[in-house]
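Here is a short briefing for a first look. Start with the structure below, then read the points by topic.

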Amino acid sequence: MTSQTPGTPADRPVVELAGVSKTYGDVAALRGADLVIRRGELLAIVGPSGSGKSTMLNIMGTLDRPSAGMVRVDGHDVADLSDRELSALRAGTIGFVFQQFHLAFGVPALDSVADGLLYSGRSRGERRRLAERALRRVGLGHRLYHEPHQLSGGEKQRVAIARAVLGDPPLLLADEPTGALDSRSGAVVIELLHELHEAGTTVVVITHDRDIAATLPREVRVKDGRIEHDSGEAAAGHSTALVPEGALR
Ligand SMILES: Nc1ncnc2c1ncn2[C@@H]1O[C@H](COP(=O)(O)OP(=O)(O)O)[C@@H](O)[C@H]1O
Ligand SMILES: [Mg+2]
């Protein structure tokens, strides 16, 4: 693919937004956002409802294209990529978790997760083996054959996270992953995101919960489509401080 940022994969930012705007009709959802996310970061995007958080996440996740500005994901300028190339980049690079778990009714956890690899060319046995490993990783080794209605909200979200990290994507984007959970289940999910981060995944969490945001190493505050505060900005010139040696992959 074209227009890669120079530098080795390890020091190339995972996501770069420069002057990114998005309008829907006459609604300006995002207005000139600048953001650099480095490999191995764990950050919160926080702000009131309607402030543009999901728009920003969808754009950095290549689910949506900007109206203006530059977006690079893993060094690729998304403007240079066709929709097909974009899906390939997304499939190999990004895992998504949403507030709603999107688990199919009546489908056991193991199959819900394994189906994430349906088009990967792997055999059914291999898909299920990897799915089991992912479910064990999120602490659900004892719930492999449970269907969604037999799982708590927190467990359903952990199934969704297992599905998102199945292919071991370097970037995990979570949009209000605790929004539908009680505070205890929410804390378990946030703890799990910390563990994935410690294992090397770059994790971006959208939340409107300022208490959760405050526990994460970097906080980006969005309001009215603009980034009004970024606790990581001051440190951006010292990228080594943001990328612990063990997090490089
Ligand atoms: N697909 C869309 N069509 C029209 N307006 C949208 C669309 N997506 C978001 N918006 C509008 O853009 C603004 C930002 O929305 P969003 O990014 O979802 O905010 P947040 O996630 O912070 O609640 C809101 O005014 C919302 O109504
Ligand atoms: Mg949202």
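In β7, Leu 173 is the bridge partner of Phe 96. This is a predicted model, where local features need pLDDT of at least 70, side-chain atom pairs count only at pLDDT 80 or more, and totals for chains, interfaces and linings use all residues. Residues are numbered from 1 along each chain as its sequence is written, while chains are lettered from A and ligands numbered from 1 in the order in which they are written.

**Overall make-up**
- The protein has eight helices and 10 strands. Helices (H or I, at least four residues) and strands (E, at least two) are DSSP runs, numbered from the N terminus.
- Of its 249 residues, 42% count as buried (20 or more other C-beta atoms within 10 Å of a residue's own, with C-beta atoms placed from the backbone).

**The sheet**
- Six strands form an open sheet in the order β6-β7-β8-β3-β9-β10, with mixed pairing. Two strands pair if DSSP finds at least two bridges between them.
- β6 (94–98) and β10 (226–230) stand at the edges; each has a single partner strand, so one side of each is left without a neighbour in the sheet.

- β6 and β7 (residues 171–175) run parallel, joined by five bridges.

- β9 (residues 218–223) and β10 run antiparallel, joined by four bridges.
- Lys 223 has Arg 226 in β10 as its bridge partner.
- β9 and β10 form a hairpin with two residues between them. In the turn, Asp 224 has a positive phi of about 50 degrees.

Key. Buried ≥ 20, exposed ≤ 12 C-beta atoms within 10 Å, placed from the backbone.
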